[in-house]
Amino acid sequence: MRPDAWRSPLRLLLAFALLAGATAGCGIRLLHRGGPADVTAPVAGDAAAKPPGDGRKPRTGKKKSDSQTASAFANDPLGEAHERMVEEPGEPWWPTRAAQLEAAAGHTAAAENSLRTALTRDSAYAPALTQLSRMLYQQGRHDEAVRLLEPVRDHRTSLNATDRAAVLAGLALHEAALGHDDEARATLDMLGHADRDDAAGVAAYLAVRGGSADSAVKLTQAAVKAAPESAANHNNLGIALLRSADPDGAAREFERAIALDPALPGPWYNMAILERWYRLDHAAATQRFQQYWTRSHADPDSLYAELGHGSPAPVAEEGHK
């Protein structure tokens, strides 16, 4: 192992897992530089669970019975959501549901319009707020997202503790993406102790980006405890352990992340780094990198060239995966 391992400038691929089991990855050194762009912001509530009722806002303006509508749209949930949006003009659940379906179908612009419709109906509707926050993160529209979420931070929009934690976790990620890590940490510090588990993944992400080795290990361990089935949390713990001169512990965490989510690129890349510079095993590093390359072509540490494959296209020309 390199004696200065934890001080290494290697750009490990950091990932984070947030509320509702979302995962993401991005290539970093201390600030984002290229890397996979499938970053995910936290989501409050479950817009797919069931229509509103029993304590929710009353439905208004219905023209058909629920059974009639359900029968008419048995195989067209998006069509049902759109019709319900018209029939129930004061209810934010249906446009949020429509946005979820539109996003799943790849209709990003339509999904954003539906989410904004939901927020026009109820500016404090947390599922729409957090889903729009996620969408803006994926598109790199961080300033816009900060403006969207600031009213929650400043108590101009009131949410219950759980939903507030989800929104503030997302706000912290946008602030970090803008390079405002101190502001991001201050945002997380606004959460009550009972809500910190909900934002554990974000706190760990920030710690690995710029905290001390000891604090990064503690916070990533807390994130794993809060969400043990999160591949991204295990990946981040692996990074913290690697920087704390524990490559064997790091390898276990990267392998656990791979087992939980083989499609997540970061752990494969990090294992290539670990094999190449910590275990000095060029062949193993090459194999790991080849496995990574089938999942992403972002290469923040130029491993493609280092491992004898020639020079890859610049990350900026790879496009967002």
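Which helix holds D143? D143 is found in helix α6, residues 142-153. The model is predicted, so local features need pLDDT of at least 70 and side-chain atom pairs count only at pLDDT 80 or more, while totals for chains, interfaces and linings use all residues. Residues are numbered from 1 along each chain as its sequence is written, and side-chain values use heavy atoms, with hydrogens and water left out.

**Overall make-up**

- The protein has 16 helices and two strands; these are DSSP runs numbered from the N terminus, with helices (H or I) of at least four residues and strands (E) of at least two.
- Of the 321 residues in the protein, 51% are buried; buried means under 20% relative accessible area, exposed over 50%, and partly exposed in between, with a 1.4 Å probe and protein chains only.
- The accessible surface comes to about 14,300 Å², and 50% of it belongs to carbon and sulfur atoms; the areas come from the Shrake-Rupley method with a 1.4 Å probe, and for residues only the protein chains shown count as cover.
- Among contacts (heavy atoms within 4.5 Å) between residues at least 6 apart in sequence, 55% join residues at least 24 apart.

**Nonpolar core and aromatic rings**

- The largest nonpolar core has 71 residues, and F289, Y292 and L303 are those with the most contacts inside it. Such a core is a set of buried Ala, Val, Leu, Ile, Met, Phe, Trp, Tyr and Cys residues joined through side-chain atoms within 4.5 Å.
- Neighbours within four places in sequence aside, L303 is in contact with Y269, A272, I273, W277 and F289.
- Seven aromatic pairs are found in a search of the whole structure. The rings of F289 and W293 have centres 5.1 Å apart and planes at 35°, so this pair is tilted.
- Rings of Phe, Tyr and Trp (its six-membered ring) pair if their centres lie within 6.5 Å; planes under 30 degrees apart count as stacked, over 60 as edge-to-face and the rest as tilted.
- F289 and W293 are both buried. They are separated by about one helical turn because they are four residues apart in helix α14, residues 282-293.
- Ring pairs link Y269, F289, Y292, W293 and Y304 into a cluster.

- Helix α5 (residues 126-138) has 13 residues, which should span 18 Å at 1.5 Å a residue, and its end C-alpha atoms are 18 Å apart, in agreement. The expected span is 1.5 Å times one less than the number of residues.
- In α5, 11 of the 13 residues are buried, including L129, L132, M135 and L136.
- Just after α5, G140 takes a positive phi of about 70°.
- Helix α13 (residues 265-278) has 14 residues and reaches 20 Å from its first C-alpha to its last, close to the 20 Å expected.
- In α13, 14 of 14 residues are buried, and L280, which follows the helix, has a positive phi near 55°.

**Two individual positions**

- D143 is partly exposed, with a relative accessible area of 47%. Its C-alpha is separated by 8.3 Å from that of E175, 32 residues apart along the chain.
- G238 lies in helix α11, residues 231-243, and is buried, with a relative accessible area of 0%.
- G238 and E253 are 15 residues apart in sequence and 4.9 Å apart in space, C-alpha to C-alpha.
- Neighbours within four places in sequence aside, G238 is in contact with A250, E253 and F254.
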